[in-house]
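Please look over the sequence and the structure shown here before reading on. The report below takes up helix packing, salt bridges and a sheet in turn.

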Amino acid sequence: MKRRNFIKNASLTGIGLAVTPTLTNCAEKEPSKNEKTVVTPKASLPLVIATWNVPNATAKAWEVLEANGSLLDALEQGCMIEEADVKNQSVGKGGRPDRDGNVTLDACIMNTKGDCGAVVAMENITHAISVARKVMEETPHVMLAGEGAENFAVSSGMKRENLLTEASKKEWEEWLVKAAYKPIINIENHDTIGMLAMDENGDLSGACTTSGLAYKMSGRVGDSPIIGSGLFVDNQVGAAVATGMGEEVVKTVGSFLVVELMRQGKSPQEACEEAIKRIVDKPNSNHENFQVAYIAVNKNGETGSYSIHKGFSMTTYQNDKNENVQSDYYVK
(Lines give C-alpha, C1' and ligand atoms only; values in the text may rest on other atoms or scores of the structure.)
Protein backbone atom coordinates (compact mmCIF):
# COMPACT_ATOMS: atom_id res chain seq x y z
CA MET A 1 0.00 0.00 0.00
CA LYS A 2 2.84 2.35 0.80
CA ARG A 3 4.40 1.67 -2.63
CA ARG A 4 1.07 2.27 -4.34
CA ASN A 5 0.63 5.56 -2.53
CA PHE A 6 4.15 6.58 -3.47
CA ILE A 7 3.51 5.95 -7.17
CA LYS A 8 0.22 7.83 -6.99
CA ASN A 9 1.78 10.78 -5.22
CA ALA A 10 4.74 10.80 -7.58
CA SER A 11 2.48 11.06 -10.60
CA LEU A 12 0.59 13.92 -9.03
CA THR A 13 3.66 15.89 -8.02
CA GLY A 14 5.54 15.37 -11.28
CA ILE A 15 8.36 13.28 -9.80
CA GLY A 16 10.01 11.15 -12.47
CA LEU A 17 9.82 7.38 -12.05
CA ALA A 18 12.22 4.81 -13.38
CA VAL A 19 10.44 2.13 -15.41
CA THR A 20 11.68 -0.99 -17.11
CA PRO A 21 12.52 -0.93 -20.84
CA THR A 22 9.58 -3.25 -21.49
CA LEU A 23 7.12 -0.82 -19.97
CA THR A 24 8.73 2.07 -21.80
CA ASN A 25 8.44 0.32 -25.15
CA CYS A 26 4.80 -0.58 -24.55
CA ALA A 27 3.99 3.01 -23.74
CA GLU A 28 5.72 4.28 -26.85
CA LYS A 29 3.94 1.85 -29.16
CA GLU A 30 0.44 2.59 -27.93
CA PRO A 31 -1.05 5.19 -30.30
CA SER A 32 -3.47 7.84 -29.14
CA LYS A 33 -7.04 7.74 -30.36
CA ASN A 34 -6.46 10.70 -32.66
CA GLU A 35 -3.07 9.59 -33.92
CA LYS A 36 -2.85 8.60 -37.60
CA THR A 37 -0.30 6.03 -38.61
CA VAL A 38 1.94 7.30 -41.38
CA VAL A 39 3.68 4.72 -43.55
CA THR A 40 6.25 5.72 -46.12
CA PRO A 41 5.83 3.62 -49.28
CA LYS A 42 8.89 1.56 -50.17
CA ALA A 43 7.92 1.00 -53.78
CA SER A 44 8.59 3.29 -56.69
CA LEU A 45 5.37 5.17 -57.32
CA PRO A 46 2.93 5.46 -58.97
CA LEU A 47 2.02 1.78 -59.11
CA VAL A 48 -0.77 -0.06 -60.94
CA ILE A 49 -1.57 -3.77 -60.67
CA ALA A 50 -4.34 -5.77 -62.32
CA THR A 51 -5.67 -9.29 -62.64
CA TRP A 52 -4.59 -11.24 -65.71
CA ASN A 53 -2.56 -10.06 -68.69
CA VAL A 54 -3.96 -6.61 -69.43
CA PRO A 55 -0.93 -4.47 -70.39
CA ASN A 56 -2.92 -1.88 -72.31
CA ALA A 57 -5.17 -1.24 -69.33
CA THR A 58 -2.38 -0.91 -66.77
CA ALA A 59 -0.33 1.26 -69.12
CA LYS A 60 -3.27 3.62 -69.56
CA ALA A 61 -3.88 3.88 -65.82
CA TRP A 62 -0.21 4.57 -65.11
CA GLU A 63 -0.11 7.16 -67.89
CA VAL A 64 -2.94 9.05 -66.18
CA LEU A 65 -1.19 8.93 -62.81
CA GLU A 66 2.14 9.97 -64.28
CA ALA A 67 0.41 13.03 -65.75
CA ASN A 68 -0.84 13.91 -62.24
CA GLY A 69 -4.31 12.61 -62.92
CA SER A 70 -6.46 11.29 -60.08
CA LEU A 71 -6.57 7.70 -58.92
CA LEU A 72 -10.19 7.35 -60.00
CA ASP A 73 -9.48 8.77 -63.46
CA ALA A 74 -6.63 6.29 -63.81
CA LEU A 75 -8.71 3.31 -62.74
CA GLU A 76 -11.71 4.27 -64.83
CA GLN A 77 -9.73 4.88 -67.99
CA GLY A 78 -7.67 1.73 -67.47
CA CYS A 79 -10.76 -0.45 -67.07
CA MET A 80 -12.45 1.22 -70.03
CA ILE A 81 -9.70 -0.15 -72.29
CA GLU A 82 -10.84 -3.70 -71.58
CA GLU A 83 -14.55 -2.86 -71.59
CA ALA A 84 -14.24 -1.49 -75.14
CA ASP A 85 -12.16 -4.42 -76.42
CA VAL A 86 -14.63 -6.73 -78.17
CA LYS A 87 -11.98 -9.46 -78.26
CA ASN A 88 -12.12 -9.60 -74.49
CA GLN A 89 -15.23 -11.73 -74.08
CA SER A 90 -15.67 -11.36 -70.34
CA VAL A 91 -15.70 -7.58 -69.93
CA GLY A 92 -17.95 -4.90 -71.42
CA LYS A 93 -18.92 -5.00 -75.08
CA GLY A 94 -18.45 -8.45 -76.55
CA GLY A 95 -18.84 -10.16 -73.20
CA ARG A 96 -20.31 -13.65 -73.19
CA PRO A 97 -24.07 -13.58 -72.48
CA ASP A 98 -26.18 -15.36 -69.91
CA ARG A 99 -28.04 -18.49 -70.96
CA ASP A 100 -30.86 -16.37 -72.40
CA GLY A 101 -28.48 -14.52 -74.71
CA ASN A 102 -28.30 -11.24 -72.76
CA VAL A 103 -24.98 -9.58 -71.90
CA THR A 104 -25.17 -8.21 -68.36
CA LEU A 105 -22.39 -6.24 -66.71
CA ASP A 106 -21.24 -5.78 -63.11
CA ALA A 107 -18.71 -3.27 -61.81
CA CYS A 108 -17.61 -1.39 -58.72
CA ILE A 109 -15.12 1.29 -57.69
CA MET A 110 -13.77 2.43 -54.30
CA ASN A 111 -11.80 5.55 -53.40
CA THR A 112 -9.29 6.51 -50.71
CA LYS A 113 -12.02 7.69 -48.33
CA GLY A 114 -13.90 4.40 -48.42
CA ASP A 115 -16.63 5.75 -50.68
CA CYS A 116 -17.85 3.24 -53.26
CA GLY A 117 -20.26 2.72 -56.12
CA ALA A 118 -21.47 -0.31 -58.06
CA VAL A 119 -23.79 -1.52 -60.79
CA VAL A 120 -25.14 -5.05 -61.14
CA ALA A 121 -26.87 -6.92 -63.97
CA MET A 122 -26.80 -3.84 -66.20
CA GLU A 123 -27.47 -4.22 -69.94
CA ASN A 124 -26.76 -2.13 -73.06
CA ILE A 125 -24.08 0.16 -71.57
CA THR A 126 -20.46 -0.62 -72.44
CA HIS A 127 -18.62 1.22 -69.69
CA ALA A 128 -20.00 -0.23 -66.49
CA ILE A 129 -17.06 1.15 -64.52
CA SER A 130 -18.04 4.70 -65.48
CA VAL A 131 -21.59 4.13 -64.31
CA ALA A 132 -20.32 2.69 -61.02
CA ARG A 133 -18.24 5.82 -60.48
CA LYS A 134 -21.23 8.05 -61.17
CA VAL A 135 -23.31 6.06 -58.70
CA MET A 136 -20.65 6.79 -56.08
CA GLU A 137 -20.20 10.46 -56.91
CA GLU A 138 -23.65 11.60 -58.05
CA THR A 139 -26.20 9.57 -56.07
CA PRO A 140 -26.91 8.92 -52.40
CA HIS A 141 -26.61 5.18 -53.08
CA VAL A 142 -23.87 2.59 -53.31
CA MET A 143 -25.42 0.19 -55.82
CA LEU A 144 -27.89 0.33 -58.71
CA ALA A 145 -29.21 -2.75 -60.48
CA GLY A 146 -30.62 -3.82 -63.82
CA GLU A 147 -32.92 -1.45 -65.63
CA GLY A 148 -32.46 1.20 -62.94
CA ALA A 149 -28.70 1.23 -63.51
CA GLU A 150 -29.20 1.38 -67.29
CA ASN A 151 -31.64 4.27 -67.06
CA PHE A 152 -29.32 6.15 -64.74
CA ALA A 153 -26.47 5.70 -67.21
CA VAL A 154 -28.59 7.05 -70.08
CA SER A 155 -29.72 10.00 -67.98
CA SER A 156 -26.04 10.71 -67.34
CA GLY A 157 -25.34 10.98 -71.06
CA MET A 158 -24.26 7.44 -71.95
CA LYS A 159 -25.64 5.71 -75.03
CA ARG A 160 -27.37 2.36 -75.23
CA GLU A 161 -25.82 -0.15 -77.61
CA ASN A 162 -26.03 -3.86 -78.34
CA LEU A 163 -23.25 -5.56 -76.36
CA LEU A 164 -23.65 -8.99 -77.95
CA THR A 165 -21.12 -9.32 -80.76
CA GLU A 166 -21.39 -11.90 -83.53
CA ALA A 167 -18.48 -13.87 -82.06
CA SER A 168 -20.07 -14.14 -78.62
CA LYS A 169 -23.48 -14.85 -80.13
CA LYS A 170 -22.07 -17.72 -82.20
CA GLU A 171 -20.41 -19.28 -79.15
CA TRP A 172 -23.63 -18.94 -77.15
CA GLU A 173 -25.66 -20.65 -79.90
CA GLU A 174 -23.15 -23.51 -79.94
CA TRP A 175 -23.45 -23.78 -76.17
CA LEU A 176 -27.27 -23.95 -76.42
CA VAL A 177 -26.98 -27.19 -78.36
CA LYS A 178 -25.30 -28.81 -75.36
CA ALA A 179 -27.68 -27.09 -72.92
CA ALA A 180 -25.46 -27.87 -69.94
CA TYR A 181 -23.56 -25.56 -67.65
CA LYS A 182 -20.16 -26.41 -66.24
CA PRO A 183 -17.51 -23.87 -65.20
CA ILE A 184 -14.30 -24.07 -67.19
CA ILE A 185 -11.28 -23.05 -65.13
CA ASN A 186 -9.55 -19.88 -66.37
CA ILE A 187 -11.74 -19.72 -69.48
CA GLU A 188 -15.22 -18.38 -68.80
CA ASN A 189 -14.31 -15.26 -66.89
CA HIS A 190 -10.55 -15.16 -66.98
CA ASP A 191 -10.33 -11.58 -68.21
CA THR A 192 -12.50 -10.07 -65.51
CA ILE A 193 -10.36 -7.07 -64.69
CA GLY A 194 -9.68 -6.02 -61.14
CA MET A 195 -7.31 -3.07 -60.84
CA LEU A 196 -5.57 -1.45 -57.87
CA ALA A 197 -3.59 1.79 -58.07
CA MET A 198 -1.32 3.75 -55.73
CA ASP A 199 -0.35 7.34 -56.52
CA GLU A 200 2.92 9.11 -55.70
CA ASN A 201 1.50 10.13 -52.30
CA GLY A 202 0.93 6.50 -51.34
CA ASP A 203 -2.86 6.72 -51.55
CA LEU A 204 -4.88 3.73 -52.79
CA SER A 205 -8.06 3.11 -54.77
CA GLY A 206 -9.48 0.16 -56.71
CA ALA A 207 -11.93 -0.91 -59.40
CA CYS A 208 -13.41 -4.07 -60.89
CA THR A 209 -15.53 -4.73 -64.00
CA THR A 210 -16.87 -7.87 -65.66
CA SER A 211 -19.62 -9.49 -67.73
CA GLY A 212 -19.60 -12.38 -65.26
CA LEU A 213 -19.73 -16.08 -65.87
CA ALA A 214 -20.63 -17.10 -69.38
CA TYR A 215 -24.09 -18.67 -69.79
CA LYS A 216 -25.05 -17.94 -66.19
CA MET A 217 -28.68 -17.97 -65.06
CA SER A 218 -30.48 -14.74 -65.84
CA GLY A 219 -30.06 -12.34 -62.94
CA ARG A 220 -26.96 -14.02 -61.51
CA VAL A 221 -24.50 -11.64 -59.85
CA GLY A 222 -21.03 -12.70 -58.72
CA ASP A 223 -18.52 -11.09 -56.40
CA SER A 224 -17.15 -8.40 -58.72
CA PRO A 225 -19.59 -5.56 -57.91
CA ILE A 226 -19.85 -6.40 -54.21
CA ILE A 227 -17.68 -4.25 -51.97
CA GLY A 228 -15.80 -6.50 -49.55
CA SER A 229 -16.03 -9.54 -51.80
CA GLY A 230 -14.77 -8.57 -55.25
CA LEU A 231 -12.95 -5.43 -54.09
CA PHE A 232 -11.95 -3.72 -50.87
CA VAL A 233 -9.77 -0.69 -50.14
CA ASP A 234 -8.61 0.61 -46.77
CA ASN A 235 -6.26 3.49 -47.44
CA GLN A 236 -4.52 3.05 -44.09
CA VAL A 237 -3.79 -0.62 -44.70
CA GLY A 238 -3.99 -1.78 -48.32
CA ALA A 239 -6.30 -3.01 -51.06
CA ALA A 240 -7.32 -6.30 -52.66
CA VAL A 241 -9.37 -7.52 -55.59
CA ALA A 242 -10.60 -10.96 -56.66
CA THR A 243 -11.24 -12.85 -59.86
CA GLY A 244 -12.69 -16.27 -60.61
CA MET A 245 -15.75 -18.10 -59.31
CA GLY A 246 -17.62 -15.27 -57.63
CA GLU A 247 -19.86 -17.47 -55.52
CA GLU A 248 -16.83 -18.82 -53.66
CA VAL A 249 -15.38 -15.36 -53.12
CA VAL A 250 -18.67 -14.08 -51.72
CA LYS A 251 -18.85 -16.96 -49.21
CA THR A 252 -15.60 -15.83 -47.59
CA VAL A 253 -15.92 -12.06 -48.21
CA GLY A 254 -12.55 -12.54 -49.85
CA SER A 255 -11.13 -9.11 -50.62
CA PHE A 256 -12.09 -7.75 -47.20
CA LEU A 257 -10.43 -10.80 -45.67
CA VAL A 258 -7.18 -10.12 -47.53
CA VAL A 259 -7.09 -6.51 -46.32
CA GLU A 260 -7.86 -7.52 -42.74
CA LEU A 261 -5.06 -10.07 -42.81
CA MET A 262 -2.70 -7.31 -43.95
CA ARG A 263 -3.98 -5.17 -41.08
CA GLN A 264 -2.90 -7.97 -38.74
CA GLY A 265 0.62 -7.78 -40.11
CA LYS A 266 0.68 -10.26 -42.98
CA SER A 267 2.35 -9.29 -46.24
CA PRO A 268 0.14 -9.00 -49.35
CA GLN A 269 1.46 -12.36 -50.53
CA GLU A 270 0.78 -14.06 -47.21
CA ALA A 271 -2.69 -12.53 -47.04
CA CYS A 272 -3.62 -13.74 -50.55
CA GLU A 273 -2.38 -17.23 -49.74
CA GLU A 274 -4.36 -17.39 -46.49
CA ALA A 275 -7.54 -16.19 -48.23
CA ILE A 276 -7.20 -18.95 -50.85
CA LYS A 277 -6.55 -21.48 -48.13
CA ARG A 278 -9.80 -20.47 -46.42
CA ILE A 279 -11.69 -21.48 -49.57
CA VAL A 280 -9.76 -24.69 -50.15
CA ASP A 281 -10.02 -25.85 -46.53
CA LYS A 282 -13.80 -25.44 -46.29
CA PRO A 283 -15.64 -28.72 -45.56
CA ASN A 284 -16.60 -30.49 -48.77
CA SER A 285 -14.67 -27.96 -50.85
CA ASN A 286 -14.98 -28.54 -54.57
CA HIS A 287 -11.97 -26.37 -55.41
CA GLU A 288 -10.64 -28.81 -57.99
CA ASN A 289 -13.42 -27.63 -60.30
CA PHE A 290 -13.23 -23.84 -60.06
CA GLN A 291 -10.71 -21.02 -59.98
CA VAL A 292 -10.33 -18.11 -57.56
CA ALA A 293 -7.41 -15.70 -57.37
CA TYR A 294 -6.51 -12.55 -55.45
CA ILE A 295 -4.11 -9.69 -55.93
CA ALA A 296 -3.22 -7.18 -53.21
CA VAL A 297 -1.05 -4.19 -52.36
CA ASN A 298 -0.23 -2.70 -48.96
CA LYS A 299 0.70 0.82 -47.89
CA ASN A 300 4.37 0.08 -48.43
CA GLY A 301 3.64 -0.57 -52.09
CA GLU A 302 4.38 -4.27 -51.66
CA THR A 303 2.24 -6.56 -53.82
CA GLY A 304 1.07 -10.15 -53.76
CA SER A 305 -1.02 -12.59 -55.78
CA TYR A 306 -2.18 -16.17 -55.37
CA SER A 307 -4.68 -18.55 -56.96
CA ILE A 308 -6.19 -21.98 -56.49
CA HIS A 309 -4.94 -23.27 -59.84
CA LYS A 310 -2.01 -22.50 -62.07
CA GLY A 311 -2.53 -20.26 -65.08
CA PHE A 312 -3.39 -17.04 -63.25
CA SER A 313 -1.15 -13.98 -63.68
CA MET A 314 -0.92 -10.41 -62.43
CA THR A 315 0.09 -7.40 -64.53
CA THR A 316 2.15 -4.69 -62.84
CA TYR A 317 2.97 -1.29 -64.25
CA GLN A 318 5.78 0.53 -62.48
CA ASN A 319 8.82 2.55 -63.44
CA ASP A 320 7.37 3.12 -66.93
CA LYS A 321 7.34 -0.62 -67.53
CA ASN A 322 4.70 -3.33 -67.84
CA GLU A 323 5.38 -6.76 -66.37
CA ASN A 324 3.10 -9.79 -66.37
CA VAL A 325 4.00 -12.45 -63.84
CA GLN A 326 2.54 -15.92 -63.40
CA SER A 327 1.25 -16.19 -59.85
CA ASP A 328 2.01 -18.93 -57.37
CA TYR A 329 -0.89 -21.29 -56.80
CA TYR A 330 -2.20 -23.69 -54.21
CA VAL A 331 -0.51 -27.06 -54.10
CA LYS A 332 -2.12 -29.56 -51.75
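Does glutamate 138 count as buried, partly exposed or exposed, and at what relative accessibility? The answer, taken like everything below from a predicted model, is that glutamate 138 counts as partly exposed, at a relative accessibility of 49%.

Glutamate 138 takes part in a salt bridge with lysine 134, in which the closest N and O atoms are 3.3 Å apart. Both residues belong to helix α5, where they are four residues apart, about one turn of the helix.

## Packing of helices α4 and α5

Helix α5, residues 128-138, packs with helix α4, residues 71-84, at an angle of about 150 degrees, and the two axes are 8 Å apart. Because angles over 145 degrees count as roughly antiparallel, α4 is described as roughly antiparallel to α5.

On the α4 side, the contact is made by Leu72, Asp73, Glu76, Cys79, Met80 and Glu83, which meet Ala128, Ile129, Ser130, Arg133, Met136 and Glu137 of α5.

Since arginine 133 lies in helix α5 and aspartate 73 in helix α4, the pair ties together parts that are 60 residues apart in sequence. Arginine 133 is buried, with a relative accessible area of 13%, whereas aspartate 73 is partly exposed at 27%. The pair also belongs to a network of salt bridges that links Asp73, Glu76, Arg133 and Glu137.

In the model the count of salt bridges comes to 14. One of them joins aspartate 281 to lysine 277, with the closest N and O atoms 2.6 Å apart; aspartate 281 is partly exposed at 43% relative accessibility, and lysine 277 is partly exposed with a relative accessible area of 40%.

## A five-stranded open sheet

Five strands form an open sheet of mixed pairing, in the order β7-β8-β9-β10-β13. Its edge strands, each pairing on one side only, are β7 (231-234) and β13 (328-329). Strand β7 pairs with β8 (residues 238-244) in the antiparallel sense over four bridges, and phenylalanine 232 stands opposite alanine 240 in β8. Helix α9 (residues 254-263) packs on the sheet and touches β7, β8 and β9 (292-298), while its direction makes about 145 degrees with that of β8.

Key
Residues are numbered from 1 along each chain as its sequence is written. This is a predicted model: local features need pLDDT of at least 70, side-chain atom pairs count only at pLDDT 80 or more; totals for chains, interfaces and linings use all residues. Side-chain values use heavy atoms; hydrogens and water are left out. Axes are lines fitted to C-alpha atoms, for helices over the stretch in contact, and angles run from 0 to 180 degrees between N-to-C directions. Helices (H or I, at least four residues) and strands (E, at least two) are DSSP runs, numbered from the N terminus. Angles under 35 degrees count as roughly parallel, over 145 as roughly antiparallel, 65 to 115 as roughly perpendicular and the rest as oblique. Contact means heavy atoms within 4.5 Å. Two strands pair if DSSP finds at least two bridges between them. A salt bridge is a side-chain nitrogen of Lys or Arg within 4 Å of a carboxyl oxygen of Asp or Glu. Buried means under 20% relative accessible area, exposed over 50%, partly exposed in between (1.4 Å probe, protein chains only).
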